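Here is a short briefing for a first look at this model. Keep the sequence and the 3D view open while you read.

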Amino acid sequence: MRHLLLSRLLRRTTQPLHHHLPRALSSAPSPISSDAELRKYAGYALLLLGCGAATYYSFPFPADALHKKAVPFKYAPLPEDLHAVSNWSGTHEVHTRVLLQPDSLPALEDALATAHKERRKLRPLGSGLSPNGLALTRAGMVNLALMDKVLDVDVKRKTVTVQAGIRVAELVDALREHGLTLQNFASIREQQVGGFIQVGAHGTGARLPPVDEQVISMKLVTPAKGTIELSKEKDPELFYLARCGLGGLGVVAEVTLQCVERHQLVEHTFVSNADEVKKNHKKWLSENKHIKYLWIPYTDTVVVVQCNPPSKWRTPKMTSKYGKDEALQHVRDLYRESLKKYRTEAESNDPEIDALSLTELRDKLLALDPLDKDHVIRINKAEAEYWKKSEGYRMGWSDEILGFDCGGQQWVSETCFPTGTLAKPSMKDLDYIEELLQLIEKEDIPAPAPIEQRWTARSRSPMSPASSSEEDDIFSWVGIIMYLPTSDARQRKEITEEFFSYRSLTQTSLWDDYSAYEHWAKIEVPKDKDELAELQARLRKRFPVDAYNKARMELDPNKVLSNAKLEKLFPVLEPTQHAK
């Protein structure tokens, strides 16, 4: 075998070399004309041959070298003490060796005191649901999943005190036996209560504020000052600031929430259009306890969802005109047609297609060609047909009715902006949507459905996007979305790039004109330095950044609770920079 390889090497090295020599230094060929030059090139050949032979005999091939298959490179497994933590959509991930889960208040206090003394990071991490990975840092995190107890229920005052690691769904289940529930809910119920209030989460209803307004009091564990109790009676300024504190002022260990009596709601879902919505918008906002619009790009379809307590005098017909299968048929047919068109491995007659929900079918369809505008338009039109056949009423407990299937993994940007008062709406909420839909069509953005629009009353927490000193102010929340329907890295990268282009267009075209600011769990930090500086200046116009940073430095001078995202959003300026 060695002789065979060596003979091949000899044949290669003894071929004439002048055919392969570079000719960049002369404009015409210069033939070898002297014995000296022949000897020089012969020497080069022998030198090359000697190097090849020396390399071969120093590092010999095994006997079966010519027949061995290449073995793909494999990454070394992660060390056992390294934790991989990602948000729900898989868009942000960190690896950390420090992920603490204290099971009591003293254990949490000790962990933060130690981190403060040793100047180590220990960022509070809830359920990890935030689309922007707000809580993530590889330097170290603390999670309160083991601190999930209900500590007290006061039925008379309709309040509940819980450890902040309890999930919203578990809290609602615990309140059920006491005849109580929470005032409002976000689309999902898997959040830990601490994270739920710290990012200013919200439901919908122009008379109902974001969830931080439900906080009556709380225990905040801080690195520098230990555990402090906050309420509107005890240090009200810090209380309101810390209710929506983004985990930067302390770890919320316990919280007392204002509840309401457990109640049922009747949900009415129907399809409208932009003109009809404009005619009825003021009336609908005022008359409905909960209301939201689902706008479907490239169509004139608006899905209106209204939720109200059951009427004592009128019981609506709960059965829908169409069954679930009839409502989904148009979407299923499109999926089967698309499978044939894109010639995928999946079979168009697969019976499992009939078991898929709307959001699952949407993901399957988008996965075939997520950035083809025409394909996305067909999906949106099929979804519009689904909603037309899903009109009707249903009744259930509020925590069941107010939930919403948001679909699979996704990128999302949600903005909040003022829209007048309940008595006198400015109608800017509908103007915003009209401009957004026009922008999508003008720029040929492959925007999937839905664009969800909701409303809340104001919040007294100064760091809330819906903060206002005027009691009657209302705010609209609008979310744009792009789904990540597969785990294919290249496809996800392309969707990510398209989404950020989509988001950038909405930012430059709409945000300043409408005083719109992103939800804290969905704001992304720009990589460009100039864009970051613009964002920092913009946040200073809306929020009390100096007061927030002052509180951070008093409660956490070593920045134990901080991470790169928080530092970039709220840099602590030196005195000279602040003066400028």
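H7 passes H12 in a right-handed crossing. The contact is made by Val-277, Lys-278, His-281 and Leu-285 of H7, together with Asp-429, Leu-430 and Glu-434 of H12. By class, that contact has 3 nonpolar, 1 polar and 3 charged residues. This is a predicted model.

**The H7 and H12 pair in numbers**

- Helix H7 covers residues 274–287, and helix H12 covers residues 428–442.
- The two helices pack at an angle of about 140°, and their axes are 11 Å apart.
- H7 and H12 are therefore oblique to each other.

**The protein as a whole**

- The protein has 580 residues, and buried residues make up 48% of them.
- Its secondary structure comes to 17 helices and 19 strands.
- Take the contacts with a separation of 6 or more: residues 24 or more positions apart account for 72% of them.

**Confidence**

- The average pLDDT of the protein is 88, and 87% of the residues score at least 70.
- Residues 65–75 have a pLDDT below 50. Beyond near neighbours in sequence, this stretch has 3 contacts in the model.
- Residues 575–580 also have a pLDDT below 50. This stretch, too, has 3 contacts beyond near neighbours in sequence.
- Where pLDDT is low, the predicted coordinates should not be read in detail.

**Helices H8 and H9**

- Helix H8 spans residues 324–342 and packs against H9 at an angle of about 25°. Their axes are 10 Å apart.
- That angle makes H8 roughly parallel to H9.
- The crossing of H8 and H9 is left-handed.
- H8 brings Leu-328, Val-331, Arg-332, Leu-334, Tyr-335, Ser-338, Leu-339 and Tyr-342 to the contact. H9 brings Leu-358, Leu-361, Lys-364, Leu-365 and Leu-368.
- The residues of this contact of H8 with H9 divide into 10 nonpolar, 1 polar and 2 charged.

**Helices H9 and H10**

- Helix H9 runs over residues 358–368, and helix H10 over residues 373–388.
- Their axes come within 10 Å and cross at roughly 165°.
- That makes H9 roughly antiparallel to H10.
- The crossing of H9 and H10 is right-handed.
- From H9, the contact takes in Leu-358, Arg-362, Leu-365, Leu-366 and Leu-368. From H10, the contact takes in His-375, Val-376, Ile-379, Glu-383, Tyr-386 and Trp-387.
- By class, the contact of H9 with H10 has 8 nonpolar, 1 polar and 2 charged residues.

**Two buried residues**

- Arg-538 sits in helix H14, residues 529–542.
- The relative accessibility of Arg-538 is 14%, so Arg-538 counts as buried.
- Leaving out residues up to four places away in sequence, Arg-538 touches Trp-511, Asp-512, Ala-516 and Tyr-517.
- Gly-140 is in the loop between strand S4 (123–125) and strand S5 (141–143).
- Gly-140 has 0% relative accessibility, so Gly-140 counts as buried.
- Gly-140 and His-95 are 45 residues apart in sequence. In space they are 9.3 Å apart, C-alpha to C-alpha.

**Backbone points to check**

- Most residues other than glycine have a negative phi, and most peptide bonds are trans.
- Arg-119 has a phi near 55°, a positive value in a residue other than glycine.
- Arg-119 lies in the loop between helix H3 (105–118) and S4.
- Arg-119 is exposed, with a relative accessible area of 64%.
- Lys-158 is not a glycine, yet its phi is positive, at about 60°.
- Lys-158 is placed in the loop between strand S6 (150–154) and strand S7 (159–163).
- With a relative accessible area of 29%, Lys-158 is partly exposed.
- Ala-449 and Pro-450 are joined by a cis peptide bond, with omega about -5°.
- Pro-450 is found in the loop between H12 and strand S17 (451–457).

Definitions and conventions:
Residues are numbered from 1 along each chain as its sequence is written. This is a predicted model: local features need pLDDT of at least 70, side-chain atom pairs count only at pLDDT 80 or more; totals for chains, interfaces and linings use all residues. Side-chain values use heavy atoms; hydrogens and water are left out. Axes are lines fitted to C-alpha atoms, for helices over the stretch in contact, and angles run from 0 to 180 degrees between N-to-C directions. Helices (H or I, at least four residues) and strands (E, at least two) are DSSP runs, numbered from the N terminus. Angles under 35 degrees count as roughly parallel, over 145 as roughly antiparallel, 65 to 115 as roughly perpendicular and the rest as oblique. A crossing is left-handed if the near helix is turned anticlockwise from the far one by less than a right angle, and right-handed if clockwise. Contact means heavy atoms within 4.5 Å. Ala, Val, Leu, Ile, Met, Phe, Trp, Tyr, Cys and Pro count as nonpolar, Asp, Glu, Lys and Arg as charged, and the others, Gly among them, as polar. Buried means under 20% relative accessible area, exposed over 50%, partly exposed in between (1.4 Å probe, protein chains only). pLDDT is the predictor's confidence in each residue, from 0 to 100.
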